Amino acid sequence: MWPRLVTSRILGERLRSSNFVADFPSNAEASSLLDISSLGQPSLSENNILINQLKHNFQNYRVFISTWNVGGVAPQDDLDIADWIDTPNNICDIYVFGFQEIVPLRASYVLGSENSKISMKWNSLIREALNKKIQYCLEKQQYNSKLGRRQNTTEVEKAIFESSIPEGFRCVISKQMVGILISVWVRSDLRPYVRHPRASCVGCGIMGYLGNKGSVSVRFQLHETSFCFVCSHLASGGRDGDEKHRNSDVAEIFSRTSFPRGASFDLPRKILDHDRVILLGDLNYRISLPEATTRLLVDRKEWNALLENDQLRMELMSGQVFEGWHEGLVRFAPTYKYCLNSNVYFGCVEGQKGRKWRAPAWCDRIIWYGEGLQQRLYTRGESNLSDHRPVKALFTAQVQVPSTFKRLQKFFLSERFDQATTRFDQISSSDKSRCRGRSSFRL
């Protein structure tokens, strides 16, 4: 008990810190972000609740989720993750990258000061890959235009191509706790509608408190819908009963994670209070079968037989700590444990001392909670940077959008806007004196 109290005193401030990295200052949120939802919206009362509900629409946004335990290996300067973020529907609206063990889980990293150099390097690689993807799509569109081909561009691509902002994506929140890192990026034209970004860390590691295990949760509100993404690294171990430690970590994360309510006191505080919740990470759940049986079924690619004994699947079905949670169909090989720089699962000669047996398992997972999320893709990557393989998913998320925004969006993408701006330019050039004292114009 005493070591835990001392640890809580010494490291509590760092774990409770809500500071995070973003492309714009969080303290300037109120002044720099445009709150379209407040335009012309009356206060809610019993008489106008139904009226306000009718004034809202739902719009679908594409959300990319990725989790990767990189095993304490720092990324090389020439590491290209452009292929990894490639999705069938081209550009997504939101990208969420979760990493575990971005630094070795040694005492110097767990107890020492936070080392942000590695997280900055990962964010730099993400920025480069996202912008490269946008540049590729732009060049493809220009090429098709020259050939006179019919352009089947999506609304997302059209908005990005017509945007005057140099960079197509911005980091709205990036938070690190020891080896856990989560980084969230949105399209630049969506950034003004992202409000109330916050982060919350929960350590579940040594003495039940240190950050070598645990979670980093981030939340924000997009238009009128709240999102919460939880990047976790749960307790390891392949022995019988070790799954109970992982269940305990999950319960601790759900109970101890807390966000501020905000000035209006109407923002969700707990993870499960949000509208759209996605949990990703090295959840470390194993396959409850003998070692030899597991390896044999893996060699035969009999995924269904393995999944019937997968601990996370059993927990999702029992609903003890994951009541209401969902996971898509797993149709890919186990993601752990591989020999470094190899596509061969880790193994050792029976009876050899000093080596741990690690049967293959789906340790790296992405699950979601509640309604309004539909999974479109769930697969793994093949990078051999670490002993884990990365996993990614693509979701369609319903977002409540005020009708005011929908009308503005249609207008700014219509010919009426071009005609209005052209007319304004003509007025400005012909009669500068009349417009010299005006800072804006009324449409």
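Let's start with helix α10, residues 311–318, where Gln311, Leu312, Arg313, Glu315 and Leu316 are buried. Buried here is under 20% relative accessible area, exposed is over 50%, and partly exposed sits in between, with a 1.4 Å probe and protein chains only. Helices are DSSP runs of H or I with at least four residues, strands are E runs with at least two, and both are numbered from the N terminus.

Quick housekeeping: this is a predicted model, where local features need pLDDT of at least 70 and side-chain atom pairs count only at pLDDT 80 or more, while totals for chains, interfaces and linings use all residues. Residues are numbered from 1 along each chain as its sequence is written, and side-chain values use heavy atoms, with hydrogens and water left out.

Back to α10. What covers its buried residues? The cover includes α7, α9 (303–307), β9 (325–326) and β10 (364–369). At the start of α10, a side-chain oxygen of Asp310 comes to within 3.2 Å of the backbone nitrogen of Leu312. Just past the helix, Gly319 has a positive phi of about 70°.

Now, charges. Side chains of opposite charge can pair when their charged atoms come close. How many salt bridges does the structure hold? The count is 13, taking a salt bridge as a side-chain nitrogen of Lys or Arg within 4 Å of a carboxyl oxygen of Asp or Glu.

One of them joins Glu291 and Arg295, with the closest N and O atoms 2.7 Å apart. Both residues lie in helix α8 (residues 291–299), 4 residues apart, about one turn of the helix. Glu291 counts as partly exposed, at 23% relative accessibility. There's also a network: Asp310, Arg313, Glu327 and Arg365 are joined by salt bridges that share partners.

Helix α7 (residues 242–256) has a pair too: Glu252 and Arg256, 4 residues apart, meet at 3.0 Å, N to O. Glu252 is partly exposed at 28%, and Arg256 is partly exposed at 28% relative accessibility.

Then there's Glu224 with Arg195, a salt bridge at 3.5 Å, N to O. This pair links distant parts of the chain: Glu224 is in the loop between β6 (214–222) and β7 (225–233), Arg195 is in strand β5 (residues 194–203), and they're 29 residues apart. Glu224 is partly exposed, at 23% relative accessibility, whereas Arg195 is buried, at 11%.

Next, a hairpin. Strand β3 (residues 169–177) is mostly covered, with 8 of its 9 residues buried. β3 runs antiparallel to β4 (residues 180–187), and 8 bridges join the two; strands pair if DSSP finds at least two bridges between them. Ile173, for instance, has Val184 in β4 as its bridge partner. The hairpin leaves 2 residues between the strands, and Val178 in the turn has a positive phi of about 55°.

Last stop, Ser386, in the loop between β11 (373–380) and β12 (391–402). Is Ser386 buried or exposed? Buried, with a relative accessible area of 1%. Leaving out residues up to four places away in sequence, Ser386 touches Trp68, Asn69, Val70, Gly71 and Leu340, where contact means heavy atoms within 4.5 Å. A polar atom of the Ser386 side chain lies 2.7 Å from the backbone oxygen of Asn69.

Key. Polar contact = N/O pair within 3.5 Å; in protein donor to acceptor, adjacent residues only side chain to side chain.
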